[in-house]
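Dear colleague,

I am handing over the structure we discussed, with the sequence and coordinates placed just below. My notes on what was found follow after that.

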Protein chains: 2
Amino acid sequence: MRIAIDAMGGDHAPDEIIAGAIEAVKHLEQGDEIILVGDEEIIASRMTAKKVRKYSGIISIVHAPEAIGMDESPIDALRKKRGNSISIMTKLASRGKADAVISAGNTGACVAACQMRMRNIEGVNRPGIAVVFPTFDGPVTMCDVGANISCKPINYYQYAVMASMYSRHVLGIENPRVGLMSIGEEDAKGNESVKKARELLKSDADINFIGNIEGCDIFKGKCDVAVCEGFVGNVVLKLTEGLVDGLFKAIKHELLKESLRLVMKFKPVMMRMYQKYDHHEYGGAPLLGVNGTAYICHGSSKSRTIKNAVIAAKKFYTHKINEHIIEHLAKTNVRGTDEQ
Amino acid sequence: MRIAIDAMGGDHAPDEIIAGAIEAVKHLEQGDEIILVGDEEIIASRMTAKKVRKYSGIISIVHAPEAIGMDESPIDALRKKRGNSISIMTKLASRGKADAVISAGNTGACVAACQMRMRNIEGVNRPGIAVVFPTFDGPVTMCDVGANISCKPINYYQYAVMASMYSRHVLGIENPRVGLMSIGEEDAKGNESVKKARELLKSDADINFIGNIEGCDIFKGKCDVAVCEGFVGNVVLKLTEGLVDGLFKAIKHELLKESLRLVMKFKPVMMRMYQKYDHHEYGGAPLLGVNGTAYICHGSSKSRTIKNAVIAAKKFYTHKINEHIIEHLAKTNVRGTDEQ
């Protein structure tokens, strides 16, 4: 398997990205390769500094003269910077020279480039980003968290199918319970798109659809898959990060009122929590629905995140998630267009 | 000031509601009255059991023979149960017999009844529910959290005006910073309604508009007011509750791995956090934009919540929030219809 990684994307690129690629090597199998995409000179010099000559044959470099900034307008940047690392990385996939792509760079540019170059898999109208929330009761896969901010009913349905396949075949949850994010449990709750999506989801007996869920249910062990439109999912994702940080800050503040000793005693607990519930552990978010394996990592990705993204991408690829999605969508009667 | 309270609404009605009304008495001023609306016999017997005869003249009862269940369809229930406590409570307001209404009952029914009976204040197209998030960096007022799930640009704008007035005159924040909930800071981020709302907000120099905010920013001290549509706000509100509960559960689990003694040491910290960040402390959410003072409390309201809602409603009324909103909307050039 050949995994192309955007070496120039992310707040800590290229150093942490390169370090992550190196850390990932020990998780590779015979014949696996990593392709670092970015400024050849910069990558080569960093690799030399890290004394990783021994990885020749496993890690290679594909030159990309330009990089897209984290705050650049995706479409403008993709148009103007023809030699950017994200475009070149996705081109490798579309030309059959890479089996997976990974980037911690500009999310909008990644999604757009993957859609443009790799195209959608059969039966999928719009791809969606799936994020795994590590909750107390197990991992919850939420889709979409930002690829599609004006969701049509058919999109919700396909997100449910795709995230279910991911939950089952990558996370090992046998019959994932799918919840539709709304503002109340009753059938009548939600906007028009959500209500129509509910009908589509109900009509497919091969989805373990449990009905509407509310914001609180994600952390209550009620579902394994949560389906929502990208606007809502993105707010949820970022809110969760902000709230966890805010709460730990408040706890520390309160503990300090007790004693410094108590803070120190609490520290290992906090560290364990961070390790367990940290999104870096999940390595990034798969872009479900594109014709290939694509992982979008958080802008703050460290080497550990990239290493874990490589492991996740390998699982995605070897467990043939896209084939499972195609198979499910081929046999369902639920059809629709983005106009519905 | 006469405050009508729906004695039949909420998971712990009528006992906790009646207890809350009694607790609130010591926060009333000369001439203030509380009107408990609900089944006269039940309320009277509970009051007798609580030996509160001494409150005659302060607490009175208005009979309502029916009650709307928490899970009933709001519009159906309001239509079929003509004698329900929510309708009778809002009728008291519309006939000038109550200056404020408070209910912990069916939220949808409350919003609909308030709109129908009390009407909107001048210049307001749609009312919105404002919730105060007690964050580490101070209270953040978010509007709307569920009254309006298909927001037009003019609604966002008016929510910003109304929540700003609330933040300033009830919470005492002099020049509240208003953020528009979106999925990125840049101007181009967000759906069409949000982008148009952004232009309306920018055009009013009397609003301290700081631009787009993301989910994480609510807990980062970046804004005092967060504006969003009801669907998003409702998910945020419920997610926050679920996540805080989930996190404390996880912390307890981890602490128990260390020692029971550590759990006991952490307990007072946890209690203080709960007290400080607990939504019961804020007493409920004002329904901004209706012609009167209306507070909608959480279904799980305890006596403390109701007491605090009475205190908040008194502040809302005496600080003339509606007059401030009318004044702001009268002088702004920002106009629009729900069709825009």
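I begin with one residue, B:Asn120, which sits in the loop that runs between α5 (107-118) and β5 (128-135) of chain B. Please keep in mind throughout that this is a predicted model. Once its neighbours within four places in sequence are left aside, B:Asn120 is in contact with B:Pro127, B:Gly289, B:Val290 and B:Asn291.

Turning to chain A, the domain assignment gives domain 1 (1-118) and domain 2, the latter made of two segments (128-279 + 320-340). The centres of these domains of chain A, taken over C-alpha atoms, are separated by 28 Å. The secondary structure of chain A consists of eleven helices and eleven strands, and its C-alpha trace spans about 60 × 60 × 40 Å along the principal axes. The radius of gyration of chain A is 20 Å, which agrees with the value near 20 Å for a compact globule because the latter is what 340 residues would give. Buried residues account for 53% of the 340 residues in chain A, and of the contacts between residues at least 6 apart in sequence, 74% join residues at least 24 apart.

The largest nonpolar core holds 222 residues, of which A:Ile5, A:Val227, B:Ile5 and B:Val227 touch the most other members. This core draws at least three residues from each of domain 1 (1-118) and domain 2 (128-279 + 320-340) of chain A. Leaving aside neighbours within four places in sequence, A:Val227 has contacts that include A:Cys143, A:Tyr156, A:Tyr159 and A:Ala160, and also A:Val178 and A:Leu180.

Finally, the interface: 45 residues of chain A are in contact with 45 residues of chain B. On the side of chain A that touches chain B, α8 (230-258) and α9 (260-277) each supply at least two residues, and the largest share, 21 residues, comes from α8(A). By residue type, that side of chain A divides into 23 nonpolar, ten polar and twelve charged residues.

With best regards

Terms used:
Residues are numbered from 1 along each chain as its sequence is written. Chains are lettered from A and ligands numbered from 1 in the order in which they are written. This is a predicted model: local features need pLDDT of at least 70, side-chain atom pairs count only at pLDDT 80 or more; totals for chains, interfaces and linings use all residues. Domain bounds come from an automatic or database domain assignment. Helices (H or I, at least four residues) and strands (E, at least two) are DSSP runs, numbered from the N terminus. The radius of gyration is taken over C-alpha atoms; the globule rule is 2.2 Å times the number of residues to the power 0.38. A residue is buried if 20 or more other C-beta atoms lie within 10 Å of its own, exposed if 12 or fewer, and partly exposed in between; C-beta atoms are placed from the backbone. Two residues are in contact if their C-beta atoms, placed from the backbone, lie within 7 Å. A nonpolar core is a set of buried Ala, Val, Leu, Ile, Met, Phe, Trp, Tyr and Cys residues joined through C-beta atoms within 7 Å. Ala, Val, Leu, Ile, Met, Phe, Trp, Tyr, Cys and Pro count as nonpolar, Asp, Glu, Lys and Arg as charged, and the others, Gly among them, as polar.
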